[in-house]
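Hi,

Here is the structure I promised to pass on. My notes on it follow below.

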Amino acid sequence: MQISIDHLSMTYPTGKQALQDVTLSLESPSLVGLLGPNGAGKSTLMKLLVAGLLPTSGSIQVDRRPLLQCERELKAKLGYLPQTFGLYEELTVWQFLDYMAALKGIEDSTGAIARAIRDTNLEEKKKCRIRSLSGGQRQRVGIAQAILGDPSFLIFDEPTVGLDPEERINFRNLFSRIAQDKIVLLSTHIIEDVQSVCNQLIVIDKGRILFTGAPARLIQAAQGHVGVFEEADRREEEGFSVTARVNTSCGVSCRVVAVQLPPFAQPVEPTLEDAYMYCVAQGGIR
Ligand code: ADP
């Protein structure tokens with residue numbers, strides 16, 4: 001599967017421009033992390049990709065056909081977990097997934113539901129009513145409905161919100177397994193979610209693409225722009241932002257991201273989080 005996004009812009013009827021001239025290409029197999037601050041335009045992009053919104057200008061092509069021409073086919077191959085997701089409180093987990101399987105037109109629904117329940121660790125809860133589930137368990141039901149029927153294009157909007165650290169690790173591994181022969185687009189502002197599993201990153205801010213490429217390339221672009229210094233050594237200087245302050249037995253150690261490191265900072269290897277901060281502060285990396 002190949003998805004081409006060409007000069008896509010989206011302005012809401014309120015006049016808010018949520019996306020500006022976005023051009024991207026997604027190809028299977030890949031696990032793509034979509035990173036950006038709140039309000040960057042991530043959900044808008046995802047809604048456009050599932051044809052839940054119409055762009056103001058530009059186009060989306062799926063396997064070289066305009067999205068609007070193959071909308072029904074795409075929907076049959078699509079798993080989508082939106083940020084806000086309505087669950088039927090009075091249904092059990094199994095009944096809800098059975099209902100979703102019917103909507104998706106899945107033929108062997110029993111096998112498909114059993115697989116989705118197993119992959120999301122919901123076996124113990126399958127007979128429980130949704131209203132009795134915790135926030136994390138409800139999120140797992142949301143993920144289960146998205147992976148139901150083995151779709152070839154999966155879109156998860158903030159899928160790990162409400163999950164505890166162990167569950168987040170399980171889901172990262174699950175996303176990585178799923179992505180072996182599919183396109184999985186994972187929107188998040190949690191860097192750890194994309195760090196270990198994504199082969200492609202898209203950084204977006206204020207509706208514009210700031211970076212697209214491998215995580216290693218983003219980290220490389222931040223080389224020489226990340227440093228540490230002891231707060232006691234700090235001089236009055238501007239043009240950098242302190243991203244962490246750590247109290248140590250020798251004083252306070254500060255981590256800094258800057259276009260030009262201040263002379264009192266010692267350069268260090270950037271992490272993906274540093275590189276992301278650098279990219280957003282720079283307004284993009286070519
Ligand atoms: P993100 O998912 O990155 O947090 P969104 O795509 O939800 O960002 O929002 C991008 C921008 O568009 C924000 O400024 C948001 O307030 C605005 N926005 C989102 N949905 C609507 C809407 N239905 N009407 C008007 N503005 C919207």
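Helices and strands here are DSSP runs (H or I with at least four residues for helices, E with at least two for strands), numbered from the N terminus. This is a predicted model, so keep in mind that local features need pLDDT of at least 70 and side-chain atom pairs count only at pLDDT 80 or more, while totals for chains, interfaces and linings use all residues. Residues are numbered from 1 along each chain as its sequence is written, and side-chain values use heavy atoms, with hydrogens and water left out.

Let's start with Ala244, which sits in strand β12 (residues 240-248). Ala244 is partly exposed, at 29% relative accessible area (buried is under 20%, exposed over 50%, partly exposed in between, with a 1.4 Å probe and protein chains only). Beyond its neighbours within four places in sequence, Ala244 is in contact with Ser253, Cys254 and Arg255 (contact being heavy atoms within 4.5 Å). From Ala244 to Gly213 it's 31 residues in sequence and 26 Å in space, C-alpha to C-alpha.

Now the inside. The largest nonpolar core has 50 residues, and Phe156 and Leu218 touch the most other members. Such a core is a set of buried Ala, Val, Leu, Ile, Met, Phe, Trp, Tyr and Cys residues joined through side-chain atoms within 4.5 Å. Another core, of 31 residues, lies apart from it and includes Ala40, Leu49, Val62 and Leu74.

As for Leu218, its contacts beyond four places in sequence are Leu201, Val203, Phe211, Leu272, Ala275, Tyr276, Cys279 and Ile285.

Cheers
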